[in-house]
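The sequence and the model follow.

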Amino acid sequence: MMNTTASGPAGPAPKPAPVPASVLAHAPAPVLGTRALNRATLDRQLLLRRSRELSVKDAVTHLVGLQAQNVKPPYHALAARLADFDPAELSALLEARELVRIVTLRSTIHLHTAADARTLRPLVQDAREQELAGFRKGLAGVDLAELARLARTAVEAEPRTMKQLREVLLVRWPDADPQSLAVAARCLLPLVQVTPRGLWRRSGQVALTTVGQWLGDDESGASGAVSLDDAVLRYLAAFGPASVKDMQTWARLTRLREVFERLRPRLRAFRDENGVELFDLPDAPRPDPDTPAPPRFLPEYDNLLLSHADRTRVVPAEYKGRTWKGNQPYCVFLLDGFLAGVWRMVEDVKGGSVVLTIEPFGRPGRAQREELVREAERMLTRIAETSSPSSPSSYDIRFGSVVDA
C-alpha cells in the first residue's frame, strides 16, 4: 500500500546558498584586452575626453605630476587634457610656488604640486641615492654626508646653477670628478628648479635650491613620504588597471608585491591577455573598448608612454622604440587611442608664425587626417608661441613624409 502525504500550496523557492569567500577568491579573474586597457588608461589620463571640471592644479595632482625635462612639455600635456587650459594659469602657479619642478619618479624632472614635491621625493629618496653606485670612482674620498651639508648651505644661501654648485664642491674636493659631485648633490638633496625656469614665455636657465627653502619650510617640518599604500592607490587612479611591475616601472621602486597584497581586499583583480595579474580600484572607470578616442598631440616623454612595464596598451608592438632617436625624444600623437606618429613644431619668432608638421607611422585615412588637423588647430590656438604675446598667431599645419613601420 502506498503511503501518501497531503501537500499544500507550493512555497517560495529556497534561496541559493551564498558562495564562500574562499571560492570567490579563487575564481578566474576577468580578462581585459588591449583595447579595454587602452580606453581605461586614456580615461584616467584625461585623454578620452578633456576635463571641464579640473583646474590645472587639480589635474597635476590627479596625474601625480607631469614629465618636465624641458619647459614646454607640461603645457602641451595639459592642452591635450583640459578643455579650457590657459598656459598663463600653469605659469602663475609656478610663480606662486604652488607647482614646482623637481627630480622624483624615474630620476627625471617632474612638475608637481608643492604638497606632492614634499612627499613624493622622500618616497623615492632611497632609489635616488642608489644611483650614486655608478659614480663611485668619481666620488673616491668624498664624504657624502659632508657633501650634502655643503651643497645645502650653498643652494639655500642663493639658488645655484649646476656649474656654480660644482665650483663650490670642487673647493673641498679638487681631485673629485666635477660631474659626479653635482650628481651626488642632486641625488642626496631634494632640489627644485626655481623660477623663471618653466614660466610661460619667460623661462631662464636652471638654478636650484632645496624644496624646503623654496616652499618656506624645512624637511624636518615636512609631512614626510607619502605611504606606499597611498602611492599605489593614486597610481591606479591615474594609470590603472596595472600590474605590480607596471607601478615599479612608473616609480622605479622595487619590492611592491607585498604592498599590493596588503591592499588586495580593497582592489579588483583582472588579467591581461598574457595572463599577467592586474589590479584596479573597484569603482574606477573602465569604458567599453569601442568607446571613440579622439586624436591627441602629446609632448616628448609623456607619462602615458612611460608608466607601464608593458606599453602595448598605448604603443603597438610594431612601433616600439619609435618615439626617440638616439638621445632625441619626439613629440607623439595618438589615433584611435594608440601611438600613430610624431610631430614637430617650428616657430618663426621674427615672422610670428608657427609650422606644425605631422609625420604618421602609417597611412591615416582622409577622415583621420581631417581629425588630426582639427586637433592641431585647437592646440595651436592655445599653446603656439609668437614673437609678441599680444599679437595673434599665424600657423601652418603640414603632413610630412609617411614613416612606414
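## The sheet around E2

Strand E2 (residues 99–103) pairs with strand E4 (residues 191–193) in the antiparallel sense over two bridges; strands count as paired if DSSP finds at least two bridges between them. Within this pair, Arg101 has Gln193 of E4 as its bridge partner. Helices (H or I, at least four residues) and strands (E, at least two) are DSSP runs, numbered from the N terminus. The model is a predicted one, in which local features need pLDDT of at least 70 and side-chain atom pairs count only at pLDDT 80 or more, while totals for chains, interfaces and linings use all residues. Residues are numbered from 1 along each chain as its sequence is written, and side-chain values use heavy atoms, with hydrogens and water left out.

E2 and E4 belong to an open sheet of five strands, with the order E1-E3-E2-E4-E5 and antiparallel pairing. Its edges are strand E1 (66–67) and strand E5 (208–210), each of which pairs on one side only. Helix H6 (residues 114–123) lies across E2 and strand E3 (109–113) and runs at about 125 degrees to E3. Helix H8 lies across E4 and E5, at about 110 degrees to E5. Axes are lines fitted to C-alpha atoms, for helices over the stretch in contact, and angles run from 0 to 180 degrees between N-to-C directions.

## Helix pairs

The axes of H8 (residues 144–157) and helix H10 (residues 178–188) come within 10 Å and cross at roughly 80 degrees. H8 is therefore roughly perpendicular to H10; angles under 35 degrees count as roughly parallel, over 145 as roughly antiparallel, 65 to 115 as roughly perpendicular and the rest as oblique. Leu144, Leu147, Ala148 and Ala151 of H8 meet Leu181, Ala184, Ala185 and Leu188 of H10, contact meaning heavy atoms within 4.5 Å. The residues of this contact comprise eight nonpolar, no polar and no charged. Here Ala, Val, Leu, Ile, Met, Phe, Trp, Tyr, Cys and Pro count as nonpolar, Asp, Glu, Lys and Arg as charged, and the others, Gly among them, as polar.

Helix H12 (residues 228–239) packs on helix H13 (residues 244–251) at an angle of about 95 degrees, with the axes 11 Å apart. H12 is thus roughly perpendicular to H13. From H12, Ala231, Val232, Tyr235 and Phe239 meet Asp246, Met247 and Trp250 of H13. This contact of H12 with H13 divides into six nonpolar residues, no polar and one charged.

Strand E11 (residues 331–335) is largely enclosed by the rest of the structure, because five of its five residues are buried. Buried means under 20% relative accessible area, exposed over 50%, and partly exposed in between (1.4 Å probe, protein chains only). Both faces of E11 are covered, with Cys331, Phe333 and Leu335 buried on one side and Val332 and Leu334 on the other. E11 pairs with strand E8 (residues 296–298) in the antiparallel sense over three bridges, and Arg296 stands opposite Leu334. E11 also pairs with strand E12 (residues 338–348), again antiparallel, over five bridges; Val332 stands opposite Val342 in E12. E11 and E12 form a hairpin with two residues between them, and Asp336 in the turn has a positive phi of about 55 degrees.

Helix H2 (residues 34–44) is likewise largely enclosed, since nine of its 11 residues are buried. Among them are the charged residues Arg39, Asp43 and Arg44. The cover over the buried residues of H2 includes helix H3 (56–62), H12, strand E7 (277–280), E11 and E12. Leu46, which follows H2, has a positive phi, near 65 degrees.

## Arg266 and the cysteines

Arg266 is placed in the loop between helix H14 (257–263) and strand E6 (268–271). Not counting residues up to four places away in sequence, Arg266 touches Leu233 and Pro282. Arg266 and Leu281 are 15 residues apart in sequence and 7.4 Å apart in space, C-alpha to C-alpha.

Cys187 counts as buried because its relative accessibility is 1%, and Cys331 counts as buried at 13%. The structure holds zero disulfides, a disulfide being a pair of cysteine sulfur atoms within 2.5 Å.

## The chain as a whole

The protein chain has 15 helices and 14 strands. Of its 405 residues, 49% count as buried. Among contacts with a separation of 6 or more, residues 24 or more positions apart account for 67%.
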